[in-house]
Amino acid sequence: MERSTAEIRQYFSSNLLEWFRIHKRDLPWRRTNDPYRIMVSEIMLQQTRVDTVIPYYHRFIERFPTVEALAEAPEEDVLKAWEGLGYYSRARNLQTAVREVKERYGGRVPDKRDQIGSLKGVGPYTAGAVLSIAYNRPEPAVDGNVMRVFSRFFLILDDTSKPGTRTEMEKLARELIPEGEAGSFNQALMELGALICTPKSPNCLICPVMENCAGRLNGMEEQLPVKKKAQPPRREQRVVALIQGAGNRTGQILIRRRPDEGLLAGMWELPHYAAADADGMVLLKEKLLEEERLPIEPLGKWFRTNHTFSHIRWELDVYVCNYLGNPQGLSDSMDLPGSATGGGSDRDDLRWIEPQELERFVFPNVFIRIIREYAKRLPGIDWNGPIAEREEEF
DNA sequence: GACTCGTGGGT
DNA sequence: TACCCAAGAGT
């Protein structure tokens, strides 16, 4: 027998809600109704898996339990709490947003879409998520899960990588929200996408809305959602300098702070340079002298490793180098390039640290790994003979 | 619309 | 290995 659109929609929403009541996961941000904490969780969950977020969420809330605590914290502390989670502008934007909540809304996360949606880092999805989950407002929260579920159940063939498709799905989502159940319904949609209606090999046989899923009835569930393929990340070959101090800098390494904008903004790193086909040894010696005024001698290539961002693939050759300046370690003020009189460094983006001091700086994971591996092998890296061609992975 | 912006897990 | 992708937003 033929079912009407209205009947199908009713079936979808009520079956989904009933399933969610039984199967919903016990997640930390589901144990609170504090809009601030829910907002923190939603920012963290942007493009990030639940299992990855959980420990960060606990630490972050413990460290910044309230709007005021986060608003008043030094930015560096916030970034340190975010270290390793990726997309670091989220952390800065979150603090900017929370400061506006404090100043303009008296510390209460606003419950109006135009207000919360104008906060830094809060887009259409996050606005709807906070409004529905924290305030139970009947607003859609359409993310990748929801688009996948909708495209399959309602057999929507539109390209979900187009912004207009998300807009259309928000209209649909809004109409489907059962009276007074916005928070549960939106979370149920995402929960279904995460647990049952997965991107690959969905578990249709245990799906609560299988009987009326148009995608499955047409044998299309594996082809949906339709999505334009992403550009593969461009490859960049780079050489990394792990510079060992001498004299009173023995046991220390040199780190550099990145610019305040762009990739890994403001974070610390090992110096590294683009190195298409050049000889890494020669290039590092030249670059460090010309661009940082640092006299160094590369000992050889330690290992090669890859690190892939969303849009860039770094192919890194890590060289261990000796610092040649101030070999006797007579004076701290001579340890970094500075004024002609040698009165000290004129730049604050270079530092000597001990590998144990990683905690005092904010590093992206790619460099944390390299430095930790170095520290682990520190009592004598085995430089047996020429090491330039040796490659290792860890 | 096309880029930019991290990282880790699954297949 | 090499993809794909994950509770997206800003420019």
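# A guided look at chain A and its DNA

Visitor: Is His23 buried, exposed or partly exposed, and why?
Guide: A residue is buried if 20 or more other C-beta atoms, placed from the backbone, lie within 10 Å of its own, exposed if 12 or fewer, and partly exposed in between. His23 has 14 C-beta neighbours inside 10 Å, so His23 counts as partly exposed.

Visitor: How are residues and chains labelled here, and in which helix is the place of His23?
Guide: Residues are numbered from 1 along each chain as its sequence is written, while chains are lettered from A and ligands numbered from 1 in the order in which they are written. This is a predicted model, where local features need pLDDT of at least 70, side-chain atom pairs count only at pLDDT 80 or more, and totals for chains, interfaces and linings use all residues. Helices (H or I, at least four residues) and strands (E, at least two) are DSSP runs, numbered from the N terminus. The helix that holds His23 covers residues 5-23 and is named H1.

Visitor: What distance separates the C-alpha atoms of His23 and Leu192?
Guide: Along the chain, His23 and Leu192 are 169 residues apart.

Visitor: Which domains does the assignment give chain A, and what separates their centres?
Guide: The bounds come from an automatic or database domain assignment, with domain 1 at 5-223 and domain 2 at 234-376. In their contact (C-beta atoms, placed from the backbone, within 7 Å), domain 1 supplies 6 residues and domain 2 supplies 5 residues. Taken over C-alpha atoms, the centres are separated by 40 Å.

Visitor: Which residues does the UniProt annotation "domain: HhH-GPD" cover?
Guide: UniProt positions are given in the numbering used here, feature names are shortened, and annotations may be inferred rather than shown by experiment. According to the unreviewed UniProt entry, "domain: HhH-GPD" covers residues 44-195.

Visitor: Which elements give two or more residues to the surface near DNA strand C?
Guide: A residue is near a strand if its C-beta atom, placed from the backbone, lies within 6 Å of it. There are 28 residues around DNA strand C, and Leu45, Gly123, Thr126, Asp143 and Pro199 come nearest. The elements giving two or more are helix H8 (124-135), helix H9 (144-153) and helix H11 (182-195).

Visitor: How do the residues near DNA strand B divide by class?
Guide: Around DNA strand B there are 23 residues, of which Gly86, Gly262, Ser310, Pro364 and Asn365 come nearest. Ala, Val, Leu, Ile, Met, Phe, Trp, Tyr, Cys and Pro count as nonpolar, Asp, Glu, Lys and Arg as charged, and the others, Gly among them, as polar. The division is 8 nonpolar, 13 polar and 2 charged.

Visitor: Which residue in E6 stands opposite Ala241?
Guide: Two strands pair if DSSP finds at least two bridges between them. Strand E1 (residues 234-244) runs parallel to strand E6 (residues 312-323), joined by 11 bridges. Within E6, Gln244 has Asn322 as its bridge partner, and the residue opposite Ala241 is Tyr319.

Visitor: Through how many residues does a hairpin join E5 to E6?
Guide: Strand E5 (residues 296-308) runs antiparallel to E6, with 11 bridges. Asn306, for instance, stands opposite Glu315 in E6. The number of residues through which the hairpin joins E5 to E6 is 3.

Conventions: Contact = placed C-beta atoms within 7 Å.
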